[in-house]
Amino acid sequence: MNEKKSNIGQQPIRDARTLGIPKMLILGLQHMFAMFGATVLVPILVQSYGLPLSIQTTLFFAGIGTLFFHVCTKMKVPAFLGSSFAFLGGFAAMGAMDQGIYATMEASEKLQYACGGIVVAGLLYVVLAAIIKAVGVHKVMHYLPPVVTGPIIILIGLNLAPSAVSNASTCWWLALVAMAIIVVANIWGKGMIKIIPILLGVVGSYIVALIAGMVDFSGLDIQGLFGGATPLLGVQPFVTNFSGSVAKFDISAILVMAPIAIASMMEHIGDMSAISATVGENFIEDPGLHRTLIGDGIATSLSALFGGPANTTYGENTGVLVLSRVHDPKVIRLAAIYAVILSFSPAFAYLVNTIPAAIIGGVSFILYGMISAIGVRNVVENQVDFTNSRNLIIAAVILVCGLGFTGGLTFQVGGASITLTSLAIAAIAGIILNAILPGNDFHFGKSANSDASANLGQY
């Protein structure tokens, strides 16, 4: 008996039922909270852009999307799908759109069109999955090298930077408290503390704001479980207002949101590589990258169809797998069920919405910078050679397009007005240049450092 317990402590646990149901339930709760901070932060940030993205809807489709992903991947991959930060730039651009049909459009309708663009973005995952299944992952990734995807990811963070400064400027000292907690937890934290710095930053600074009297509860009205303006229990907005939550489609919105899928698909592939290395199984081969892409893509389209954000596999997921050494996908499915249950509480959603803008700004300072830093890491880890003129030109054009076209580019096609955001222009320019310029010697999956599990390849 003692020997068995010792082995369980040393070896990864692939069947959490051996620990007993109570511990298994607690592990699922831990996993949900590790994903929780980032998942809920996306609708909070989108609301700061003027678009009414629902926290309840976000949590519901994070849970449902995760469960669907597990079905698509034969219940083998221990991955959680949370809200994607890659699409924040698109939401910000949609919130600022004031041309053509968007000139006098209500924010709620703008959100519907933004979600329509995300539906198409999710379907691009399915297209890539079909191509990978047909020709193989190596041939496809040859045309999406890090010299293209890295600068695009960098631009996502840089384009969002003004929003972080704007929110933080409402109360700089509170923003600095949020930033300090995140830095301390991430740099000096141990165990689970190191895994959830964003959640700790939000909760810790919120407590400080409560003590300072900076949180407004004037709209909170709970009268029993289902009564009052903000009942403790209630269905998601897409259920109570179905027609107002269904995605709408317009070519301009599609061109704003869909190209972001290029960056998010690269994130997905990196996460699948990292999870495979952590668990010690090759999920790229079995159940196959095409299956994981289909699961992620359709989960994203389903979420957006009913007014939710894009989903994505989370890097935090890998951290929890390493920390807990519990590699059983059933634990992740428990976390997904918890997220669905929590989505049925309007009162909880209201409390999340009382978070002061300065806290959002402080968290965004770290978060948006980290998005850009991930793009830099993508370039560095894959050893992109910038002494090569070809690579230098591609990256230069992407960065100038992404930072220079601040108002996007609007043109007429027939009777329709089409607007391309700076990020869409940058993505299109990078992909075209990479395809037509000679000397593309990128090889997917070949890395000088075999320990860098999330590497996508090498030049």
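**Exercise 1.** Determine how helix 7 and helix 18 are oriented to each other.

*Solution.* Start with the ranges in this predicted model, where local features need pLDDT of at least 70, side-chain atom pairs count only at pLDDT 80 or more, and totals for chains, interfaces and linings use all residues. Residues are numbered from 1 along each chain as its sequence is written, and side-chain values use heavy atoms, with hydrogens and water left out.

Axes are lines fitted to C-alpha atoms over the stretch in contact, and angles run from 0 to 180 degrees between N-to-C directions. Helix 7 is therefore roughly antiparallel to helix 18 (an angle over 145 degrees).

**Exercise 2.** Find which residues of helix 4 are buried and what covers them.

*Solution.* Buried means under 20% relative accessible area (1.4 Å probe, protein chains only). In helix 4 (residues 88–96), Leu-88, Gly-89, Gly-90, Phe-91 and Met-94 are buried. Their cover includes helix 2 (21–48), helix 5 (107–135), helix 7, helix 12 (251–257) and helix 18.

**Exercise 3.** State which residues Phe-87 is in contact with, leaving aside neighbours within four places in sequence.

*Solution.* Contact means heavy atoms within 4.5 Å. The list for Phe-87 is Ile-118, Ala-121, Met-257, Ile-260, Ala-261, Ser-264 and Ala-310.

**Exercise 4.** Give the share of buried residues in the protein chain.

*Solution.* The chain has 459 residues, and 53% of them count as buried.

Definitions and conventions:
Helices (H or I, at least four residues) and strands (E, at least two) are DSSP runs, numbered from the N terminus. Angles under 35 degrees count as roughly parallel, over 145 as roughly antiparallel, 65 to 115 as roughly perpendicular and the rest as oblique. Buried means under 20% relative accessible area, exposed over 50%, partly exposed in between (1.4 Å probe, protein chains only).
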